[in-house]
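Below is a set of questions and answers on the arrangement of chains, sheets and helices. Please look at the sequence and structure first.

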There are 2 protein chains.
Amino acid sequence: MSDEIKQNPEGKSHKELRKEYTFNKLKGLGQEIIEEIEKQKVPSVKVPSRGTSNIVYDEAKRYYVLGDRYGRRSLGNVKQIRKLGQMVYVANFCKDLVQREKTATIREMYYVSEGWGISFKTQQESNIVGEDLEVTLGTTREDLGLMPEEDGASVYGDLTLKDGDVEINALKAGKSGYTISPTIDQVDFLDCNVDRVIAVETMGMFHRMVQEKAYDRFNTLIVGLKGQAARATRRFIKRVNEELHLPVYICNDGDPWGFHIAQVIISGSAKLAHVNHDLATPDAKFMGVTASDIINYDLPTDNLKDVDVMRLKELAKDPRYKSDFWQTEIKKMLKIGKKAEQQSFSKYGLEYVVDTYFPEKLEAME
Amino acid sequence: MSDEIKQNPEGKSHKELRKEYTFNKLKGLGQEIIEEIEKQKVPSVKVPSRGTSNIVYDEAKRYYVLGDRYGRRSLGNVKQIRKLGQMVYVANFCKDLVQREKTATIREMYYVSEGWGISFKTQQESNIVGEDLEVTLGTTREDLGLMPEEDGASVYGDLTLKDGDVEINALKAGKSGYTISPTIDQVDFLDCNVDRVIAVETMGMFHRMVQEKAYDRFNTLIVGLKGQAARATRRFIKRVNEELHLPVYICNDGDPWGFHIAQVIISGSAKLAHVNHDLATPDAKFMGVTASDIINYDLPTDNLKDVDVMRLKELAKDPRYKSDFWQTEIKKMLKIGKKAEQQSFSKYGLEYVVDTYFPEKLEAME
């Protein structure tokens, strides 16, 4: 979908194009079914398989994608009637949401289904049908108007966005910055005066960077990830990287969990292989904290736990970590048997991380 | 402290008064110690006890406070030397933070202490000394510049704030609203054109209210609590209630956890008895979801689990729940054996909660 948007044939906004695209996808699904009925065929829908064996790491794209396998959900199969019926109901509900520019949480949809006659028995059941629709249409759930509960990351820096009727500059939304909402694809980027993006794992580090004016000193957007990045955050990072051509650096804790948080932003997750084309940012770079940083900056550390060692060994075998950089750093961390948090730089004073660490790393990476 | 600020003798901003007050408290602590030394006494510091037996529910104030018991931490006691030394170090660190208008996370302080000679061995140890200082001075940790990792709630509505050099209107910070930062006491309220505050437990409900323009229809601030309210959120709610005289209504899930989230905002927690004077909002009201709502609106429910029943029975005995309203609702919930989520109103369509439920409840309560 990204390609179609980039062409932007009639000067339409990101939001408008996205809406049009999704609306047509949903309409198409309905039309297919109607056409089959008109041809007196038994209607069925082709649903790409998202089983483990159909999730492939694409070396060229540098993220997980779905393979070619798919199943058919047919009204001719008694077991599938209910599921296909629910899918059409959800698609219709979503078409209504998209048309009216509204959203619903997946929890709200679960309750709304009470009126459908074939209501969901559990939240789990309704989630699966939501994902079925996502994978069938190749759009994100958010494009369909179905939102997770959680908001995304905080953003601070000289980026101006248009969200509905409102223009927001992310330097002027308060000390905690602009919050990426789940509806980030309804937002247009109007203006941007930064050279890069630095995303950090903790809000502690985010506030440190804001206080030390890192946005100004490195001419950067600061993104506070709040741990594992929400889907909206990953979408935002991909959009600023592709649409605004900003290089992205990720600075997390120096431990397997910090590596993983970065890697999900970079290469996507296997579980979301069907939407990684909208979420992964393969050009984003892991800045630290690396095992080398732990040694070079003599950081306060904790010993690796058994679970950390196990996880690091898993990562070493993961195709997303096959570069020399990752292989070296994973081995080094296993060798020293230590991990370090990003806030541990404050051993040298609160300002050190912004005064010394970031400039040195950026120089080495750019 | 609230009282002194309300008088606001020289037209100073909230932020300036708060800074002055905290700075003097910290300075006073140091002076006390110096004076004792000059009088050739062994220095000691009086630390109010925060043990369970010293936490009292104050009927007049309608929140938990600390009683009169206290201990003395003295340099004459070998066991206490290290702890008192650390406390003075932390106080000095905080004085520096306050003076420079900076903050540090409690994690950063833990690492900074590496340079003190009497560094903390664990985060737990440093947290306790931070709390000791808080209780000794009667100020919040945030006033001392020590921040938690977490940001506060999201706010949407016609409130204009001044945060540093920036003026923010909470209608214009994006769909996810203005995020209450841990430094909420450095913020001044400039202008406010609403009649009330409605705080809701989930961001799902927050986004629903924003989409249905509840801010406009009820002339309200919308606060998205994100579950248990962060300290910064509780402080914000208290400030808008006291300084702007806005009535506060809380709408949570209809279960013991939702009741508890509301009650901590209203009456404070026992654990934070020493700062409840800054955090509790005794005039805030629980709007729902009540057991009566579950019946009257015929909401989709789940059965109470054993742990819910146990918790409800505990609440029934808690002094914060002794009003007729709470006693009736708790008994009713135990009787029907059911609980309901706030999003369950979408059984009647997404708009129902804003079109019907909120207006009916507000009319009954105001």
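**Strands, helices and the interface**

Q: In which sense do strand β14 (residues 248-251) of chain A and β15(A) pair?
A: Strands and helices here are DSSP runs, strands of E with at least two residues and helices of H or I with at least four, numbered from the N terminus. Two strands count as paired if DSSP finds at least two bridges between them. Three bridges link β14(A) and β15(A), and the sense is parallel.

Q: On what conventions do these values rest?
A: Residues are numbered from 1 along each chain as its sequence is written, and chains are lettered from A and ligands numbered from 1 in the order in which they are written. Side-chain values use heavy atoms, without hydrogens and water, and this is a predicted model in which local features need pLDDT of at least 70, side-chain atom pairs count only at pLDDT 80 or more, and totals for chains, interfaces and linings use all residues.

Q: Which residue of β15(A) stands opposite Tyr249(A)?
A: Tyr249 of chain A faces a residue of β15(A). That residue is Lys285(A).

Q: Which strands stand at the edges of the open sheet of six strands in chain A?
A: The sheet has mixed pairing and the order β10-β7-β13-β12-β14-β15 (chain A). Each edge strand has a single partner, so one side of each is left without a neighbour in the sheet. The edges are β10 (178-179) and β15 (285-288) of chain A.

Q: What angle does the direction of helix α8 (residues 231-243) of chain A make with that of β13(A)?
A: Helix α8(A) packs on the sheet, touching β7 (154-156), β12 (196-200), β13 (220-224) and β14 of chain A. Axes are lines fitted to C-alpha atoms, for helices over the stretch in contact, and angles run from 0 to 180 degrees between N-to-C directions. The angle with β13(A) is about 165°.

Q: Is Gln86(A) buried or exposed?
A: Gln86(A) is found in helix α3 (residues 78-99) of chain A. Beyond its neighbours within four places in sequence, Gln86(A) is in contact (heavy atoms within 4.5 Å) with Ile118(A), Ser119(A), Phe120(A), Glu125(A) and Val129(A). Buried means under 20% relative accessible area, exposed over 50% and partly exposed in between, with a 1.4 Å probe and protein chains only. At a relative accessible area of 0%, Gln86(A) is buried.

Q: What rotation superposes chain B on chain A?
A: Copies are superposed by least squares on the C-alpha atoms of residues with pLDDT of at least 70 in both. The shift along the axis is 0.0 Å, the RMSD is 0.0 Å, and the rotation is 180°. The two copies are thus related as by a two-fold rotation axis. In chain B, the C-alpha nearest the axis, 2.8 Å from it, is that of Ala173(B), and the rotation asked for is 180°.

Q: How many salt bridges are there between chain B and chain A?
A: The chains meet through the same surface, because 100% of the interface residues of chain B are also interface residues in chain A. A salt bridge is a side-chain nitrogen of Lys or Arg within 4 Å of a carboxyl oxygen of Asp or Glu. Asp163(A) and Lys175(B) form such a bridge, at 3.3 Å from N to O. The count between the chains is 12.
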